[in-house]
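Here is a briefing on a ligand site and the pocket around it. Please look at the model first.

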Amino acid sequence: MTDGTAQLDGRDIVLRRVAIDEMIGLRQAVIIAGTDRDTPYFDGDRDEATRHFGAFDGEACVGCLSLMSRAFEGEPSYQLRGMAVDPRWQGRGLGAALLRYCEQAMADEFDALNCLWCNARTHAAGFYTRHGWQQVGDGFDIPGVGPHVRMVRRLR
Ligand SMILES: CC(C)(COP(=O)(O)OP(=O)(O)OC[C@H]1O[C@@H](n2cnc3c(N)ncnc32)[C@H](O)[C@@H]1OP(=O)(O)O)[C@@H](O)C(=O)NCCC(=O)NCCS
């Protein structure tokens, strides 16, 4: 997968696979701070199958997400976790560009991958819906983090 670019507000944003250490600071600042979690790391962050993606404005990581190999309803799948956009970049199309880029990257890399899924924060569910994700089942609470809904994205 080649790096992607998105022209946003006159800046060239680079979209690419990243190592966990390149994006953990952004995840901590946007996703973990203010929750009960005591570490920004998730189970599986360093698994070989895990894929991390980032968006860069110059050297600064301004968007990130991670995908972990986790079955969905018995089907091989990847779970999207820790999607975050720097607050200064939110609402400017960066999350949309990063999501599209990683969906394409995963479909290209894994021929047999039919879907991605995530447990989305309820307040962010509309973001995923706009990009072709569908809610599955009822909402639920993750203690210490808040209300969530499960969402799935068919890739093929
Ligand atoms: C949710 C988040 C990743 C979206 O990224 P973003 O860069 O702000 O989103 P974009 O600017 O690319 O928005 C793309 C579209 O989704 C919409 N959108 C963005 N956030 C939304 C939300 N919370 N609810 C509904 N729609 C939303 C935008 O209005 C836009 O619609 P348009 O294409 O019709 O203009 C980002 O706001 C964020 O990091 N929020 C805090 C952390 C968080 O909640 N992460 C998700 C955890 S599940």
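H3 is the largest contributor to the shell around the ligand, giving four residues. The model is predicted. Helix H3 spans 125-130 and is one of the elements that each supply at least two shell residues.

**Shell around the ligand**
- The shell holds 21 residues.
- Val85, Gly93, Gly95, Ala96 and Arg130 come nearest to the ligand.
- Two other helices, H1 (20-32) and H2 (94-109), each supply at least two residues of the shell.
- Strands E5 (78-85) and E6 (115-121) each supply at least two residues as well.
- By class, the shell has 11 nonpolar, seven polar and three charged residues.

**Polar contacts and burial**
- Gly95 places a polar backbone atom 2.8 Å from an oxygen atom of the ligand.
- Ala96 has a backbone N or O atom 2.8 Å from a ligand oxygen atom.
- Both Gly95 and Ala96 are also listed with the residues that come nearest to the ligand.
- The ligand exposes 900 Å² when taken alone, and the protein buries 71% of that.

**Largest pocket**
- The ligand sits in the largest pocket.
- This pocket contains about 660 Å³ of space.
- Its lining counts 31 residues, and Ile31, Met83, Arg121, Ala124 and Tyr128 are the closest to the pocket centre.
- Which element gives the largest share of the lining of the largest pocket? Strand E5 does, with seven residues.
- H1, E5, H2, E6 and H3 each supply at least two residues of the lining. These five elements also each supply at least two residues of the shell around the ligand.

**Shell and lining side by side**
- H3 gives the most to the shell around the ligand, whereas E5 gives the largest share of the pocket lining.

How values were computed. Residues are numbered from 1 along each chain as its sequence is written. This is a predicted model: local features need pLDDT of at least 70, side-chain atom pairs count only at pLDDT 80 or more; totals for chains, interfaces and linings use all residues. Side-chain values use heavy atoms; hydrogens and water are left out. A residue is near a molecule or strand if one of its heavy atoms lies within 4 Å of it. A polar contact is a pair of N or O atoms within 3.5 Å; within protein, one must be able to donate a hydrogen and the other to accept it, and residues adjacent in sequence count only if both atoms are side-chain atoms. Accessible areas come from the Shrake-Rupley method with a 1.4 Å probe; for residues, only the protein chains shown count as cover. On a 1 Å grid over the protein atoms alone, a cavity is a set of points where a 1.4 Å probe fits but cannot get out, and a pocket is an open set with protein on both sides within 12 Å along at least five of seven lines; lining residues have an atom within 4 Å of a point. A molecule sits in a cavity or pocket if more than half of its atoms lie within 2 Å of its grid points. Ala, Val, Leu, Ile, Met, Phe, Trp, Tyr, Cys and Pro count as nonpolar, Asp, Glu, Lys and Arg as charged, and the others, Gly among them, as polar. Grid points are joined across faces, edges and corners, and a volume is the space filled by probe spheres set on the points.
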